[in-house]
There are 2 protein chains.
Amino acid sequence: MLLFEKSEYRKRVENTKKSMVANGIELLIVSHPANMNYLTGYDGWSFYVHQCVLVSLDQEEPTWIGRGMDANGARITSYLAKENIYQYADDYVHSIICHPMDFVVDIIKAKGWQKKRIGVESDQFYFTHKSFQVLHKGLPEAIFVDANILVNWVRVIKSEAEIRFMKIAGKIAEKVMETAVKYIKVGARECDVAAQIVRAEYEGVGEYAGDYPAIVPLMMSGEAIKTPHLTWTEAVYQANEPVLLELCGTYRHYHCPIARTIFLGTQMPKKMKKVSQVVKDGLQTTLDSIKPGVSIESIEKIWRDYIARHGVEKKARLGYSIGVNYPPDWGEQTISVREGDKTIVQKNMTLHLIPGIWQEDVGYELDASIRVTDDGIEHLFDYPFDVD
Amino acid sequence: MLLFEKSEYRKRVENTKKSMVANGIELLIVSHPANMNYLTGYDGWSFYVHQCVLVSLDQEEPTWIGRGMDANGARITSYLAKENIYQYADDYVHSIICHPMDFVVDIIKAKGWQKKRIGVESDQFYFTHKSFQVLHKGLPEAIFVDANILVNWVRVIKSEAEIRFMKIAGKIAEKVMETAVKYIKVGARECDVAAQIVRAEYEGVGEYAGDYPAIVPLMMSGEAIKTPHLTWTEAVYQANEPVLLELCGTYRHYHCPIARTIFLGTQMPKKMKKVSQVVKDGLQTTLDSIKPGVSIESIEKIWRDYIARHGVEKKARLGYSIGVNYPPDWGEQTISVREGDKTIVQKNMTLHLIPGIWQEDVGYELDASIRVTDDGIEHLFDYPFDVD
């Protein structure tokens, strides 16, 4: 069931080790499900319990540690040798007596790694404060180092094989948006539309199965257009209201988000018409500026200046890096397209630019999911800015 | 958009404060999305960034703190007064310069709570080690107390209004399983079946919209039956293989899981036939024993003794408490139906018993989602153990 060549996984581990060396880390504890998947191929909805992958400079292959019932899943989906898969007993799950990190401490000691400089993903949701406390208490001779987005940064430049997956995700995204446009109409219930959208997300396209996106369909209408991140109810779409859609095509956990706005009528309010035109033109101007060598913040400045000149303000970041991911976020937590982000754009970075406007009197969403090429960008999906 | 009476939210906050007092906590920082929803009504897929609800003994209403763009969502979905909703600027998101908990520190100081005994949800996935570090550094006079599953325990006894939601979720669960049974057949692709299942999950039943479950459809067949937690691919169902299904009906984030096993043929392997019969009879015997006043571990003992007498072993816990939840888990992390759990069963506890068997040579899943009544149990969904 391996999705990439073993050599690709080994390269990823090698790149991670290089970054570990550069950051003075000898042993890295990787808890983020996307990072675990990236480094080993491991896949499973088991991230509601503690689990991790250990990367040690002392050992070629990573070590997977998870719940007993998931070890077969690790054997099936990862490239790891059986001896590098360790399973803890079910007693450790949601217990107030023992913690899965107690078991991780035991493995680290058994490997002789207890005096190492140990990196932890300190601000990743799947690494809790308690996880740290248990490690810290159990490994008094270790030195702990913050390695929060170390692997996330290794992920930022995609391989050709990953780009291929993201383009398949882009094809699925096109179908997902077409499905949304087909079903959203005055009188339809939001939940019935959400059901058709998610059906398209999971079905995929042609021979390629869709996967579950890291975020469910976000679909705001009526009063909810002044906020992102709301989901559906039994509410019925009304005439002359906008519908803001933030959807996704996903293939093998690789994401291609797609966002558009539908107006259910012919008389779009004047302010929305104006804002949407500024956002469309601003996004296009911004996209035209992206190429290897420019800085991320310079891209955002082009956007911000453009919309300011045309009387629109957006305070939130314009976008972020995308790729392989798991709930709750398809963003990579590395690049944020905003002032102060001095990252230099490189070939095969993949970005999601989403100039969403959520204000008291106007809501509008549009996006582009792109790959950086040798001299510019390539869209991961092909869908017009305007929804007919 | 409030789903429950204001008085119900107030009662929940009151119960939480009682537990805080009992645990010597003056200020509680609640980061778990289900706990935030439970205490305030707040709903939104915004939990991929840091956010929290503060419950202080000094203030009647909780305080919501989240990202600027989500504050309108809090105003729309929660019962909180506008002055109790605080929003941080977008610069705090995925930044290496400042952290959302820096903003929380500022609010706590502004409220004069910086010397309080502060409870944190130390082992909840949405409260990271970094979150703690920032709080700890910013509030040197505070005393931090572990309040990991304090609100989860408040949630364990459901109100009549909550039971009503869970019964609607149960009706959706029935429809979801019927949909799975209808579409799973030799030659069908897993992804197409997953798409129909999730369509049914979101559509809901009758006038009630379905919601996204905290876990996507888990569906194992072929080699994968020896593990839980795998999802779908383009693979095609083969004759004479079992399909293990762990699905869910969800209404307004209230969960009713449903798990069954389908065998795609008429000649079920002898071992599977035997194991399935033992599991069915064992589960029924166990269900018959549940009533207010007995202990959780005594329930599990009845199960374990029954299957042991009939030659089957299952090392993992038999079940857990369910209710309102968000990804990645529909379990409440309170009651675990296993040896050592001395919780006494009470009326209106809601439990998911899932005697899954995932072994090298046999895989089988079955479940019951139940409510404890005055003198026994009531099933939340009506679906036979055997799938025709």
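Predicted model: local features only at pLDDT ≥ 70, side-chain atom pairs only at ≥ 80, totals over all residues.
Residues are numbered from 1 along each chain as its sequence is written, and chains are lettered from A in the order in which they are written. Local features need pLDDT of at least 70 and side-chain atom pairs pLDDT 80 or more, while totals for chains, interfaces and linings use all residues; side-chain values use heavy atoms, with hydrogens and water left out.

The interface joins 80 residues of chain A to 80 residues of chain B, contact meaning heavy atoms within 4.5 Å. Because 100% of the interface residues of chain A are also interface residues in chain B, the copies meet through the same surface. Between them the chains bury about 6,800 Å², of which 58% is on carbon and sulfur atoms; buried area is the accessible area (1.4 Å probe) that two parts lose on being put together, summed over both. Two salt bridges are counted between chain A and chain B, each such bridge being a side-chain nitrogen of Lys or Arg within 4 Å of a carboxyl oxygen of Asp or Glu. B:R252 forms a salt bridge with A:E234, with the closest N and O atoms 2.9 Å apart.

Over all chains, the whole structure has 48 salt bridges. One pairs A:E8 with A:R12, whose closest N and O atoms are 2.9 Å apart. Both residues lie in helix α1 (residues 6-22) of chain A, four residues apart, about one turn of the helix. Helices (H or I, at least four residues) and strands (E, at least two) are DSSP runs, numbered from the N terminus.

In chain B, the axes of helix α1 (residues 6-22) and helix α2 (residues 33-40) come within 7 Å and cross at roughly 120 degrees. That makes α1(B) oblique to α2(B), a class left for angles that are not under 35 degrees (roughly parallel), over 145 (roughly antiparallel) or 65 to 115 (roughly perpendicular). Helix α1(B) contributes B:Y9, B:R12, B:V13 and B:T16 to the contact, and α2(B) contributes B:N37, B:Y38, B:L39 and B:T40.

A:P328 sits in the loop between β10 (319-322) and β11 (331-337) of chain A.

Definitions and conventions:
Axes fitted to C-alpha atoms, helices over the stretch in contact; angles between N-to-C directions.
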